[in-house]
Amino acid sequence: MRIELEKVEGRKGDFAHVYQPDELNPVDERVTLIEPAAVAGKIRLAGNEVFVNGHIDTRAQVECDRCLLPVEFPVSTDFQLEYVSGSDYESSQAAELTEAELSVSVFDGETIDVDEIVKEQILLTVPTRLLCREDCKGICPECGTDRNTGECNCVTKDIDPRWAALKNLTE
């Protein structure tokens, strides 16, 4: 979904869309949607700047970082974005970026791509590390057995010599 700025009446407008999972999947190589993603928001034009804010609701799925089983989690997030056109951004002769300028995005000056906003905001809500459960044992590095469902008879003998001194703390 794209918002064409020349069609925004009164320099303000609302937008809403429900994305089916196959419209945005995969969000990236790690994240997939398992439910429709509903986005609703407002857009406001002020001079050469465009302000977009809204809310996204969906459910996503990633792999557990230890055992690789799929983990579902809810995504419910608000966003506030500011856009300037590429030509306006280049014409500002700032030697250093301020913190406020770091939150400004550059766009083509004609349209705002809501699809990219939704993908970006979903990715920002995904935890950097996600486990299927707190006590997940992961998979065996030797045979690949899921240690949550069964034990294997693999013996890991290789100890990094830099960590060998720590072994004495548990004996």
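View 1. Cys154 is partly exposed, with a relative accessible area of 33%. Buried means under 20% relative accessible area, exposed means over 50%, and partly exposed lies in between (1.4 Å probe, protein chains only). This is a predicted model, in which local features need pLDDT of at least 70 and side-chain atom pairs count only at pLDDT 80 or more, while totals for chains, interfaces and linings use all residues. Residues are numbered from 1 along each chain as its sequence is written, and side-chain values use heavy atoms, with hydrogens and water left out. How many disulfides does the structure hold? It holds 0. A disulfide is a pair of cysteine sulfur atoms within 2.5 Å. Cys154 is in no disulfide, and its nearest cysteine sulfur, in Cys143, is 3.6 Å away. For Cys140, the closest cysteine sulfur belongs to Cys152; at 3.6 Å, it is too far for a bond. Cys140 is buried, at 2% relative accessibility.

**View 2. Arg133 and Asp135 form a salt bridge.** A salt bridge is a side-chain nitrogen of Lys or Arg within 4 Å of a carboxyl oxygen of Asp or Glu. By this rule the structure has 5 salt bridges. Between Arg133 and Asp135, the N to O distance is 3.0 Å. Arg133 is partly exposed at 37% relative accessible area. Asp135 is exposed at 51%.

**View 3. Arg59 pairs with Glu72.** In this salt bridge, the closest N and O atoms are 3.6 Å apart. Arg59 sits in strand β5 and Glu72 in strand β6, so the pair links distant parts of the chain, 13 residues apart. Strands (E, at least two residues) and helices (H or I, at least four) are DSSP runs, numbered from the N terminus. Arg59 is partly exposed, at 24% relative accessibility. Glu72 is also partly exposed, at 46%.

**View 4. Lys42 reaches Asp14 from a neighbouring stretch of sheet topics.** Their side chains meet in a salt bridge of 3.2 Å, N to O. Lys42 lies in strand β4 and Asp14 in strand β2, so the pair ties together parts 28 residues apart in sequence. Is Asp14 buried or exposed? Asp14 is exposed, with a relative accessible area of 61%.

**View 5. Strand β5 pairs with β4 and with β3.** Two strands pair if DSSP finds at least two bridges between them. β4 and β5 run antiparallel and are joined by 9 bridges. Here Lys42 stands opposite Asn53 in β5. The two strands form a hairpin with 2 residues between them. In the turn, Gly47 has a positive phi of about 65°. Strand β3 (residues 32–33) also pairs with β5 in the antiparallel sense, over 2 bridges. Leu33 has Ala60 as its bridge partner in β5.

**View 6. The largest nonpolar core has 34 residues.** A nonpolar core is a set of buried Ala, Val, Leu, Ile, Met, Phe, Trp, Tyr and Cys residues joined through side-chain atoms within 4.5 Å. Ile43, Val52 and Ile112 have the most contacts inside it. At least two residues each come from β2 (12–19), β4 (37–46), β5 (49–63), β6 (70–85) and α4 (114–125). The largest share, 6 residues, comes from β6. Which residues does Val52 touch? Not counting residues up to four places away in sequence, its contacts (heavy atoms within 4.5 Å) include Phe15, Ile43, Phe79, Leu81, Ile112 and Ile117.
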